[in-house]
Amino acid sequence: MTEGRIIKALAGYYYVAVSCTDGVYGKIYQCRGRGILRHDGQSPLVGDLVRVTPQDEEEAVVEEILPRVNAFIRPPVANVDLFLVTVAAADPAPSLDLTDRFLVTAEAARADAAVLVNKDDLSPAAAKRIARVYEGIYPVLLLSAKTGDGVEALRRLVCGRRCAFAGASGVGKTSLLALLTGESDLVHVTGDVSAKTRRGKHTTRHVEIHALADGTMLYDTPGFSSFEADRASDLTEETPDRFFPEFAAFLGACRFDDCVHENEPDCAVRLAVEDGKIGRSRYQSYVGLRNALQEAERNKY
Ligand SMILES: Nc1nc2c(ncn2[C@@H]2O[C@H](COP(=O)(O)OP(=O)(O)OP(=O)(O)O)[C@@H](O)[C@H]2O)c(=O)[nH]1
Ligand SMILES: [Mg+2]
Ligand SMILES: [Zn+2]
């Protein structure tokens, strides 16, 4: 048996890279998805470390999933140090709600997160507006995969870490990844996202890890369409206030200990919103997420 990492899941197969030294993949085995032991209700995810038994030169069998640092349903990945939550300044129109959902998912799993504001070339004013929402809460980078602006800062941010892109379809996740890896054939600059589907013409359909020579791992993931955003949460709790880090300073100061920060009197969180200490869009995302989680809870019964 030998250990490796699942670097790709596609069409019922897992691809396991073994002896991955210096970021350069050694041998990659193709492993059939069916018949993999799903003990403890776990099914394999891209990013998992696994034990495999080679069958021949190309195929192997996954015997065991090694303990995970963390795991996510949307996107379906494991062992992530840093989420690169990506939003475009324009085309597609930015969804701060979806951005916040991904940030909450990262918080809940205690993974680091950064906000990448891409397509700065299309609308620098909109890019700055988005950046201001997150500055002071998360690292924020203004980027353009088209002009290359910001890419060196992105390279410093990801250095040596396991980083997963997350964000709506068409925001430029694969384009940014390709700039870092130099795999220019990953995306052909196609210009527009399709007007009909709002997806890029080279939309990513599977999760795959691309390694840099210094050991950095970059997970490319399929984007979400906005209609999937409602389901883009791995959370089980109903009051997600502790996953908004800038709320922390106010949480003990509400009149009621079990305040959910919606209609209660003397709510310190709402007061902070009025005072401009908590951003309005962040507060709205909190309320929207809380309602979605409550809805999900009700639908369970
Ligand atoms: N103007 C401009 N276009 C960009 C930029 N980054 C990406 N694009 C274009 O936007 C489209 C979508 O880019 P992708 O990299 O495929 O987006 P994605 O986030 O990977 O999309 P999915 O794989 O569907 O989730 C492509 O046509 C890119 O050429 C940018 O910074 N500026
Ligand atoms: Mg993509
Ligand atoms: Zn409150």
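**Reading the model's labels**

Visitor: What makes phenylalanine 244 and tyrosine 286 count as buried?

Guide: Phenylalanine 244 and tyrosine 286 are both buried, a label that requires under 20% relative accessible area, where over 50% would be exposed and values in between partly exposed (1.4 Å probe, protein chains only). This is a predicted model, in which local features need pLDDT of at least 70 and side-chain atom pairs count only at pLDDT 80 or more, while totals for chains, interfaces and linings use all residues. Residues are numbered from 1 along each chain as its sequence is written, chains are lettered from A and ligands numbered from 1 in the order in which they are written, and side-chain values use heavy atoms, leaving out hydrogens and water.

Visitor: Why is the pair of phenylalanine 244 and tyrosine 286 called edge-to-face?

Guide: Rings of Phe, Tyr and Trp (its six-membered ring) pair if their centres lie within 6.5 Å, and planes under 30 degrees apart count as stacked, over 60 as edge-to-face and the rest as tilted. A search of the whole structure finds five aromatic pairs. In the pair of phenylalanine 244 and tyrosine 286, the ring centres are 5.8 Å apart and the planes stand at 90°, so the pair is edge-to-face. Phenylalanine 244 lies in the loop between strand S13 (217-220) and H5, whereas tyrosine 286 lies in helix H6, 42 residues apart. Phe244 and Tyr286 also belong to one aromatic cluster with Phe247 and Tyr283.

Visitor: How do you know that the span of helix H6 is close to the expected one?

Guide: The expected span is 1.5 Å times one less than the number of residues; helix H6 (residues 280-299) has 20 residues and reaches 29 Å from its first C-alpha to its last, close to the expected 28 Å. The buried residues of H6, including Tyr283, Tyr286 and Leu293, pack against helix H1 (96-108), helix H2 (124-134) and helix H5 (268-274).

Visitor: What makes the arrangement around the zinc ion (ligand 3) tetrahedral?

Guide: Donors are N, O and S atoms within 2.8 Å of the metal (3.2 Å for Na, K and Ca), and Cys254 (SG), Cys259 (SG), His261 (ND1) and Cys267 (SG) coordinate the zinc ion at 2.1 to 2.4 Å. Four donors count as tetrahedral if all angles lie between 85 and 135 degrees; the angles around the zinc ion are 105 to 114°, and therefore the arrangement is tetrahedral. Along the chain, these donors follow the spacing C-x4-C-x1-H-x5-C, and both cysteine 259 and cysteine 267 are buried.

How values were computed. Helices (H or I, at least four residues) and strands (E, at least two) are DSSP runs, numbered from the N terminus. Contact means heavy atoms within 4.5 Å. Four donors count as tetrahedral if all angles lie between 85 and 135 degrees; four count as square planar and six as octahedral if opposite donors are over 155 degrees apart and all others between 65 and 115; anything else is irregular.
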